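Please have the viewer ready and try each task before reading its solution.

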Amino acid sequence: MKLTGPFKQIVTLNHLPINGKLKDDDLEIITNGGILTKDGIIQQVGDFDLLKQQFQDSEIDLIENEQITLPAFTDAHTHICFGGNRANDFAMRNAGKTYLEIAESGGGIWSSVQHTRAASEDELIDGILKRVHILLLQGITTIEIKSGYGLNANEELKMLRAIKKAQTKTEATLIPTCLSAHLKPKDFEGTSQDYLQYIIEGILPKVKEEDLAKRVDIFIEKSAFQPEESKNFLLKAKEMGFQITVHADQFTAGSSRIAVEVGAKSADHLEATIDDDISFLAHSDTVAIALPGASLGLGEPFSPARKILDKGGILAIATDWNPGSAPMGHLVTQASILATYQKLSTAEILAAITFRAAFALDLEDRGVLATGKKADFITYETDHFQNILYNQGRLAPSQVYINGKSIL
């Protein structure tokens with residue numbers, strides 16, 4: 001066994017509800033704390049001196065400087081498997097061009113599709129690993145990664161295989177999601193409904209056969225897939241044994257309600273969600289995932305995080321790191337900005353990027369520092385946990401632990 005400590009503060013995030021609002025006073029803070037681990041699992045969390053006395057044969061991982069620790073972060077929504085660059089999209093958008101004008105000039109999602117199709121599998125793997133490393137430096141050890149820039153069987157499978165192979169080259173946990181239903185590709189002959197059926201018959205069986213993903217996503221929006229055809233697609237994917245999630249209410253309202261009706265694990269974006277749908281979402285087990293990076297990248301309103309929590313919903317926050325609308329990829333910075341505009345407590349933010357985000361990925365073995373949980377935790381050289389959000393991402397973790405071992 002190994003005992004890591006002593007820490008000025010351990011923010012365990014233990015004993016907190018999965019849903020609803022939180023106050024900072026709700027947080028369990030252990031001073032002069034230690035974390036006892038064995039085989040990648042937390043055995044005990046408590047007073048360092050008492051644990052040292054009780055487990056005298058344990059290896060001591062001594063923390064010499066004044067540091068605090070908390071569970072490692074989870075980024076529950078990313079698109080970090082891609083080729084190319086869309087800096088020109090950002091420049092054109094800031095110059096006043098519309099989404100349609102950008103797309104007509106060769107930009108938009110189709111630009112990423114073309115670049116991703118042109119990339120080799122090895123190039124995609126290399127890009128994934130470089131971005132994963134950036135996320136690890138931020139203390140993010142569990143990362144969801146979507147396909148969706150291939151948009152045909154060969155290219156979607158190439159993306160998902162790249163994610164699977166990248167997993168063998170990193171200690172982070174990568175969670176693949178099949179987003180073949182990102183939009184109907186320009187080179188597909190047929191209706192959007194025909195394309196969704198093509199995914200059901202021509203892509204998802206191969207995804208299942210090669211065990212490339214257990215999750216399926218769809219973008220429900222006027223520019224992508226319409227509500228009724230999307231609902232039918234999600235139900236078929238669910239019948240095939242996939243867990244489902246939805247890009248919902250990004251520009252127009254209504255699709256978050258579909259996510260709840262079909263039992264989606266999460267509804268992501270929600271910038272356009274109306275009050276009635278917030279209540280409907282909040283009274284379900286579907287996680288509301290706010291993506292402030294997309295709001296910052298597009299100049300759109302933030303997700304109504306405060307209302308979701310006040311209604312009793314489950315709120316997670318993710319980066320939406322993608323080459324077009326959300327290129328920042330800095331979770332704590334985005335979460336800190338969202339906290340300022342939506343008046344979210346530090347406890348609510350920390351919950352949203354740890355155990356509540358992990359719950360959105362159906363992972364209940366992490367995000368909390370408690371006996372029996374995965375020993376993924378991060379340390380900061382500071383004297384108080386509030387300094388993490390106060391510095392808006394400038395304060396980086398000193399050490400990142402995965403399965404009880406320091407990896408950075």
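**Exercise 1.** Which residues does Thr37 touch, not counting residues up to four places away in sequence?

*Before you start.* This is a predicted model, where local features need pLDDT of at least 70, side-chain atom pairs count only at pLDDT 80 or more, and totals for chains, interfaces and linings use all residues. Residues are numbered from 1 along each chain as its sequence is written, and side-chain values use heavy atoms, with hydrogens and water left out.

*Solution.* Start with the place: Thr37 belongs to strand 2, residues 29–38. Strands are DSSP runs of E with at least two residues, helices are runs of H or I with at least four, and both are numbered from the N terminus. Next, look for contacts, meaning heavy atoms within 4.5 Å. Leaving out residues up to four places away in sequence, Thr37 touches Met1, Lys2, Ile42, Gln43, Ala375, Phe377 and Gly404. Finally, check accessibility: Thr37 has a relative accessible area of 5%, so it counts as buried. The classes are buried under 20%, exposed over 50% and partly exposed in between, with a 1.4 Å probe and protein chains only.

**Exercise 2.** How many bridges join strand 1 to strand 2, and how many join strand 2 to strand 3?

*Solution.* Two strands pair if DSSP finds at least two bridges between them. Strand 1 (residues 2–11) runs antiparallel to strand 2, with seven bridges. Now turn to strand 3 (residues 41–47), which is antiparallel to strand 2 and joined to it by six bridges. Here Gly34 faces Gly46. Strands 2 and 3 make a hairpin with two residues between them, and Asp39 in its turn has a positive phi of about 50 degrees.

**Exercise 3.** Where is His133 found, and where is Ser120 placed?

*Solution.* His133 sits in helix 5, residues 121–137, and is partly exposed at 40%. Its C-alpha atom is 10.0 Å from that of Glu171, 38 residues apart along the chain. Ser120 lies in the loop between helix 4 (109–118) and helix 5, and is partly exposed at 34%. Between the C-alpha atoms of Ser120 and Phe225, 105 residues apart along the chain, the separation is 28 Å.
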